[in-house]
Amino acid sequence: MARNQNQQQQAPKAREENELVDKLVGINRVAKVVKGGRRFAFSAMVVVGDQRGRVGYGTGKAREVPEAIRKATEAAKRNMIRVPLREGRTLHHDTQGHFGAGRVVLRSAPAGTGIIAGGAMRAVFETMGVQDVVSKCTGSNNPHNVIRATLDALVNGASPRQVAAKRGLKVGDVVARRDSGSAAAAVLEKE
């Protein structure tokens with residue numbers, strides 16, 4: 001009986017691991033100078049997500065490329081965060097993030113816009129499941145800094161449910177304000 005219970009408990013975790021999508025962002029060859037010459041190793045950077053709002057990033061270093069990728073993937077799975085998505089396709093609001101010298105601006109976009117982002121940021125959005133977003137990277141374009149700045153911006157994003165809970169309002173009030181604000185902007189543009 002206990003053995004059957006353990007199998008049932010392990011099944012959801014295995015299913016969750018199978019649903020994760022990983023993207024290799026970059027591989028670098030690094031050298032360590034020793035007495036007899038140089039020893040080469042490889043460092044890999046991987047982004048992992050479930051395409052439903054969870055995303056993580058990790059790095060790994062090893063003497064062989066596949067081992068470095070495996071280590072990076074495991075690190076990414078350990079460091080996953082959950083990001084609230086609007087209609088399951090875009091961000092709830094515009095946000096900014098930074099890490100080191102890397103700065104990013106993320107903007108929610110209407111349906112059909114697609115992912116307007118480059119390199120490392122695109123990997124984060126694709127694995128996270130975002131379909132419409134406009135982003136800009138300023139400062140450092142080092143993939144490490146860009147990914148960490150993007151994750152910083154995503155962590156700072158809040159859903160209407162979180163904002164309503166913090167302010168003691170109903171979710172409908174927060175969403176109504178957002179919609180009335182965009183309606184007011186549309187009226188001003190027409191005039």
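Modeller: Helices and strands here are DSSP runs, a helix having at least four residues and a strand at least two, numbered from the N terminus. On that basis the protein chain, which is a predicted model, has six helices and eight strands. Read from the N terminus, the order of these elements is α-β-β-β-α-β-β-β-β-α-β-α-α-α. The chain has 191 residues, and 33% of them count as buried. Of the contacts between residues at least 6 apart in sequence, 53% join residues at least 24 apart.

Now to the salt bridges. Side chains of opposite charge can pair when their charged atoms come close. The cut-off used is 4 Å, from a side-chain nitrogen of Lys or Arg to a carboxyl oxygen of Asp or Glu. By this rule the model contains eight salt bridges. Three of them are described here, in turn.

One is formed by K23 and E126, with 3.3 Å between the closest N and O atoms. K23 belongs to strand β1 (residues 21-34) and E126 to helix α3 (residues 119-128), so this pair ties together parts that are 103 residues apart in sequence. K23 is partly exposed, at 32% relative accessibility. E126 is also partly exposed, at 28%.

Another salt bridge joins E67 and R70, whose closest N and O atoms are 2.4 Å apart. Both residues are in helix α2 (residues 65-78); because they are three residues apart there, about one helical turn separates them. E67 has a relative accessible area of 31%, which means that it counts as partly exposed. R70 is partly exposed as well, with 37%.

A further salt bridge links D132 and R89, and here the closest N and O atoms are 3.0 Å apart. D132 is in the loop between α3 and β8 (133-139), while R89 is in the loop between β4 and β5, so the pair ties together parts 43 residues apart in sequence. The limit for buried is under 20% relative accessible area. D132 is therefore buried, at 4%, and R89 is buried too, at 13%. As for networks, salt bridges with shared partners join K23, R122 and E126 into one.

K32, R39, K61 and R63 form a positive surface patch, and residues of a patch are by definition without a salt bridge. R39 is placed in strand β2 (residues 37-49) and is partly exposed, with a relative accessible area of 46%.

The loop between β4 (81-82) and β5 (95-99) also holds E87. E87 has a positive phi of about 55 degrees, although it is not a glycine. Its relative accessibility is 61%, so E87 counts as exposed. Q51 likewise has a positive phi, of about 60 degrees, and is not a glycine. Q51 sits in the loop between β2 and β3 (54-62) and is partly exposed at 44% relative accessibility.

Leaving aside residues up to four places away in sequence, H144 touches M45, Y57 and T59. H144 is partly exposed, with a relative accessible area of 30%.

Key: Residues numbered from 1 in each chain as written. Predicted model: local features only at pLDDT ≥ 70, side-chain atom pairs only at ≥ 80, totals over all residues. Heavy atoms only, no water. Buried < 20%, exposed > 50% of the residue type's maximum accessible area, 1.4 Å probe, protein only. Contact = heavy atoms within 4.5 Å. Patch = residues over 30% accessible without salt bridge, like charges linked within 9 Å, V, L, I, M, F, W, Y side chains within 5 Å. Areas by Shrake-Rupley, 256 points an atom, 1.4 Å probe, with all protein chains shown as cover. Lys, Arg positive; Asp, Glu negative; His and termini not counted. Charge placed at Lys NZ, Arg CZ, Asp CG, Glu CD.
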